[in-house]
Every structure is written in C-alpha cells, then in structure tokens.
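Welcome to this short tour. Keep your viewer open and select each stop as we reach it.

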Amino acid sequence: MSTHASKPLAVAIMGPTASGKTASALAIAQRIPSEIISVDSALVYRGMDIGTAKPTREERAAAPHHLIDIIDPLDSYSVAQFRTDTLRLVNDIVARGKLPLLVGGTMLYFKGLADGLDDLPGADPALRAELEDEAARIGWPAMHAKLALLDPETAARLAPADAQRIQRALEICTLSGKPMSELLALKEKTELPFELLSFALEPSDRAVLHERIARRFDIMLEETPDGNLITEVEVLRRRGDLHPGLPSMRCVGYRQAWEYLDGTIDYKTMRETGIIATRQLAKRQLTWLRSMPERVVLDCLGGDPASAMLAQIADKRRR
C-alpha cells in the first residue's frame with residue numbers, strides 16, 4: 001500500500017470470529033492513544049451482549065468504542081449507514097489526536113468502506129414478498145441453488161441458509177437482469193480520505209480455531225450472574241415484537257437458541273448447530289479475507305500479533 005503523507009492513518013484489524021481481534025486492538029490502545037470503531041453487524045444491537053461476544057464493560061472502559069449498542073433489534077443497519085458513520089467517526093477521532101482502530105469481522109462492511117457504495121437497484125417490497133413466498137414453499141437452500149444458476153460468484157460466498165443475502169441477490173438479478181457480482185465489478189473504487197493499514201488475523205491451523213469457537217460457544221451457554229445466551233434470547237422473545245426473520249435474530253447463536261426455546265430442537269442439537277454455524281461463519285470470513293490483497297496477514301494463533309501490528313504502525317507513521 002502506498003503512503004499518502006497528506007492523509008491521516010487508520011488501522012483495520014480484521015479476522016474470523018474468535019481470532020482475538022478485540023485483544024489485539026486493546027493491546028495497541030495501551031501503547032497508542034486510540035479509539036475503536038466496531039466493524040460488526042451484530043454488535044450494533046442493544047440487548048444482544050452474550051451471543052455477540054460484545055466487549056466487556058472493562059474492555060470498553062480501556063478505550064472508547066463506537067458503533068456498539070446503537071440500534072434496537074427490531075431495526076436494521078445497512079452498509080451505507082456503516083460507511084457514513086465510519087467516515088464521520090474517523091474524522092472525529094483523528095481530530096482528537098487519536099488513532100482510529102476499525103475492528104471486527106463483518107467483511108461486507110470493510111468492503112463497503114474501502115470500495116464505496118454501489119448503484120444496485122433499491123428494495124422492491126412486492127418482489128421481496130414473492131421471494132419470501134417462494135422460499136416458504138421450497139426452502140432457502142433451494143433458493144440458494146436458484147441463485148447459483150443466476151449468479152454463481154455471489155452464491156459461492158453465501159451460506160445456503162443466509163436468507164437475507166440470498167433474497168437480496170435474487171432481487172437484484174430480477175430487477176437489473178444482471179448478476180449482483182457483475183454490477184459490483186463495474187463499480188468504481190472510491191478513494192478514502194484516510195490511509196487504511198489493514199491487518200488480517202488468520203489461523204495457521206484451522207482446527208485450533210474451531211476448538212476456540214466451540215469453547216467460546218460453550219462459555220456463552222454457561223450460567224453467569226448476567227445470565228447466558230439462552231436467558232438473553234428468552235428476554236428478547238418476551239418483548240413480543242421480535243421474530244426469527246429479523247436480521248438481528250438471524251445472527252449466529254440467536255437463531256439456534258430461538259429454535260431451542262420454540263421446542264423444535266433439543267439442547268444438544270442447539271449447541272451442535274450453533275458451533276457448526278459459527279465455524280461456517282468463520283470459513284466465509286476467511287474467504288472474504290483472501291479477496292483483500294492489501295491486507296497484512298498475521299497468525300492469530302501466534303504469540304503476539306499486536307506487537308507485529310505496533311511495529312508496522314510505527315513504521316507507517318515515520319514515513
């Protein structure tokens with residue numbers, strides 16, 4: 001990545017779930033005055049703390065955090081909103097003389113920030129209703145197979161149960177007559193008003209990451225003074241206005257806990273499917289990362305990735 005002396009520096013810490021992104025960010029914040037911008041589509045929701053592995057009160061006290069607890073689970077938060085908020089936040093953080101740290105695993109947000117917004121057709125409620133009806137008849141895996149025929153590139157990076165994104169990709173194909181991947185490829189790259197030094201925490205051994213994921217999911221299910229994932233979802237269900245079709249309730253872990261509380265699966269199945277879904281999420285995150293050539297890859301299983309980041313940040317600032 002070329003250095004732009006006139007541009008301020010921001011640092012991205014990307015990686016799959018359970019790769020230690022928060023720990024690395026806080027280690028940097030101990031050495032360099034920093035503020036953390038969450039790049040996570042689940043952390044935006046209020047009342048969803050345990051299942052999203054939201055930074056603890058102590059961690060959030062160690063450095064200012066942004067884009068956490070900003071919307072209700074009934075609402076949605078788009079890539080466009082994230083980009084607008086992040087551009088404003090980076091500018092504000094730099095003005096305060098601090099280093100912006102963009103930390104998270106929602107790769108679509110990182111891509112939307114770096115590449116700019118697209119000119120994809122807007123939502124069509126009538127068409128979405130038709131797609132919902134079709135999915136109710138044949139299931140989302142069959143809708144995913146349909147998308148694979150129309151837009152194999154987009155289908156390859158989506159899980160067969162990722163209803164929200166499958167629906168959107170099919171909607172775009174129908175409205176534009178072109179695959180979403182083709183429209184995205186035509187988009188001009190937007191130059192950011194800051195230089196982004198991007199680190200990717202990636203595992204040298206996928207099996208070890210899988211063990212971390214299972215251990216972390218089990219911790220979420222353990223009883224604590226603040227409850228656990230099941231009690232958290234029970235509280236959300238008692239509101240009466242939430243349902244499994246919402247983006248918030250489709251988050252990994254929440255979907256499985258909801259099904260368990262509905263009585264459609266038992267506890268063992270809930271745990272197993274939750275861990276499997278989280279591993280699949282990590283696999284998709286790593287696939288996204290491989291498409292980002294300017295990232296600096298660090299082993300998330302290595303001794304001290306934060307030290308390697310600090311050295312490169314110091315080198316970048318000296319130029």
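Select Ser24, Ala27, Ile28 and Arg31 of α1 together with Pro305, Ala306, Met309, Leu310 and Ile313 of α14, and you have the residues that make the contact (heavy atoms within 4.5 Å). Helices here are DSSP runs of H or I with at least four residues, and strands are E runs of at least two, numbered from the N terminus.

A word on what you are viewing: this is a predicted model, where local features need pLDDT of at least 70 and side-chain atom pairs count only at pLDDT 80 or more, while totals for chains, interfaces and linings use all residues. Residues are numbered from 1 along each chain as its sequence is written, and side-chain values use heavy atoms, leaving out hydrogens and water.

Next, go to the loop between β1 (9-14) and α1 (21-31) and select Thr17. Is Thr17 buried or exposed? Thr17 counts as buried because its relative accessibility is 9%; buried means under 20%, exposed over 50% and partly exposed in between, with a 1.4 Å probe and protein chains only.

Last stop: Ser19, in the loop between β1 and α1. Ser19 is buried too, at 3% relative accessible area. Show Leu201, Leu209, Arg212 and Cys300 to see its contacts beyond neighbours within four places in sequence.
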